Amino acid sequence: MHLVFVTSLIPDGAPSTGYEIANAAIIAALRRHGVRVTVIGYVRPGRTPIDPDNTIVLGEIDPANENASPFRKLGWVASAVVNGLTVSSAKLRTMSDSAFEHALKSAGECDAFILNAVQMAAAYESIFADKPTLFVAHNVEHISAVQNAWATDSRLQSLLFSREAGLLRAIESRLCASARFVFTLADADRQALGVTEPGQSAVLPLVTTDKPVIASPRRQIAHDAGMIGTWTWQPNRVGLEWFLGEVTPYLPDDFRIAVAGSVPRDLAARHQHVRFLGRVEDAGEFVRSSAVIPLISRAGTGVQLKTIETFEMGLPAVATSSSLRGISMIPDNCVQADDPRTFASALQRFARDPVLADGRMFHAAQLRGLDEAVSNGLTAIGHVEELVSA
């Protein structure tokens, strides 16, 4: 069976977001089932596909808002309004339908499309009607847009997010209705998308690496608490603002906090007692050098890849309930806390005694669940081959 995996960003071997990590895990699982997968989408500027022989590159794109000029942002909004698209889909619509179809033909004949998230699927929606589809809902995007509208202090942004929410609700409804099978990353998202019937959908338990992580008990601790992420993305920013504004006042002045990844300038300027490191060369080493990992999601849907990575590595964590959505196996060295004072207290306790867990059982359970869910989806489009070794 030959599937075309339609995505905004192509795996390039250096994933910088949870979305990219998830994509790599899903593609690897499909190939473990003996499926031929061709990936079509964009690469980040200066990057190359990790698997060029099975990839169709539409061009380079940097979808991050913080790297775009005001003129470019205005262009995205204008394009979205004129074409009836969300802004995120307007960013991706860099060519006509006919040009996209021409690029798609280089993949040869395929049996079905895998529409990986809403953004790319909506940018060229009419093209995918002539083949069976599997839809991967990384999040319930219309709910995230509503939450973003509530969270922002800007009237203009609130209006834009509200517009996006209305469009996304309709788009997600169409994609789910037309798909032979829907994959979500959390069970609650199946309910939110209305795809709870047997044989209609499944949850994909994700992994961040093909092989289990064997944690070394000897770590060089550089800071008490460390977090890494794309904090310019609104749902992530909501969590970071909550942590910095609500939790840190309950921590002692000498409690060392480090934040890696892109952070909005205004947020960094207000919290000068925190070390903002920007992009780090080795994300895994940064995480391992943290005594405890705060998992601070307060909004959004789907699953938190940072949570999965932390559990795979066996690192101690304090997590909000939102950070644990979609996770069925919670390690003993993770404490759930939504109250800021309780959260801060648990951080201090783990910083004093950072107990490691064996993440291999968690990883193995996630991998088994991922392969089973993928098998269910492939069966829905007629795939009958047995699972092959990785």
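User: Which residue of β3 is the bridge partner of Ile40?

Analyst: The model is a predicted one. In it, Ile40 has Ile56 of β3 as its bridge partner. Another such pair is formed by Val39 and Thr55, the latter again in β3.

User: How many bridges join β2 to β3, and in what sense do they run?

Analyst: The two strands run parallel and are joined by four bridges. Strand β3 covers residues 55-60.

User: And which strand pairs with β2 over six bridges?

Analyst: That is β1, residues 2-9, which also pairs with β2 in the parallel sense.

User: Is β2 largely enclosed or open?

Analyst: Strand β2, residues 36-43, is largely enclosed by the rest of the structure, because seven of its eight residues are buried. Buried here refers to a relative accessible area under 20%.

User: What is the strand order in the sheet of seven?

Analyst: The order is β3-β2-β1-β4-β5-β6-β7, in an open sheet with parallel pairing. At the edges stand β3 and β7, the latter at residues 201-203; each has a single partner strand, so one side of each lacks a neighbour in the sheet. From one strand to the next, the twist averages 15°.

User: Which strands does α1 touch?

Analyst: Helix α1, residues 18-32, packs on this sheet and touches β1, β2, β4 and β5. Its direction makes about 175° with that of β1. Helix α4, residues 97-105, lies across β1, β2, β3 and β4, and runs at about 145° to β3.

User: Where does α1 come in for the second largest pocket?

Analyst: Helix α1 supplies the largest share of that pocket's lining, namely seven residues. The lining comprises 21 residues, and those nearest the centre are Pro11, Gly13, Ala24, Ala25 and Ile50. The space in this pocket is about 450 Å³.

User: Changing topic: what is the order of the six-stranded sheet?

Analyst: It reads β10-β9-β8-β11-β12-β13, and this open sheet is likewise described by parallel pairing. The edge positions belong to β10 (275-278) and β13 (334-336); with a single partner strand each, they have one side left without a neighbour in the sheet. Neighbouring strands are turned by 25° against each other on average, direction ignored.

User: Which helix packs on that sheet?

Analyst: Helix α13, residues 340-352, packs on the sheet. It touches β8, β11, β12 and β13, and its direction makes about 155° with that of β11.

User: How many bridges pair β9 with β10?

Analyst: Three bridges pair them, in the parallel sense, with β9 at residues 257-260.

User: Last topic, the cysteines. How many disulfides does the whole structure hold?

Analyst: A search of the whole structure finds zero disulfides. For reference, a disulfide is a covalent bond between the sulfur atoms of two cysteines.

User: Is Cys176 buried or exposed, and why?

Analyst: Cys176 counts as buried because its relative accessibility is 9%.

User: And Cys334, buried or exposed?

Analyst: Cys334 is buried, since its relative accessible area is 10%.

How values were computed: Residues are numbered from 1 along each chain as its sequence is written. This is a predicted model: local features need pLDDT of at least 70, side-chain atom pairs count only at pLDDT 80 or more; totals for chains, interfaces and linings use all residues. Side-chain values use heavy atoms; hydrogens and water are left out. A disulfide is a pair of cysteine sulfur atoms within 2.5 Å. Buried means under 20% relative accessible area, exposed over 50%, partly exposed in between (1.4 Å probe, protein chains only). Two strands pair if DSSP finds at least two bridges between them. Axes are lines fitted to C-alpha atoms, for helices over the stretch in contact, and angles run from 0 to 180 degrees between N-to-C directions. Contact means heavy atoms within 4.5 Å. On a 1 Å grid over the protein atoms alone, a cavity is a set of points where a 1.4 Å probe fits but cannot get out, and a pocket is an open set with protein on both sides within 12 Å along at least five of seven lines; lining residues have an atom within 4 Å of a point. Grid points are joined across faces, edges and corners, and a volume is the space filled by probe spheres set on the points.
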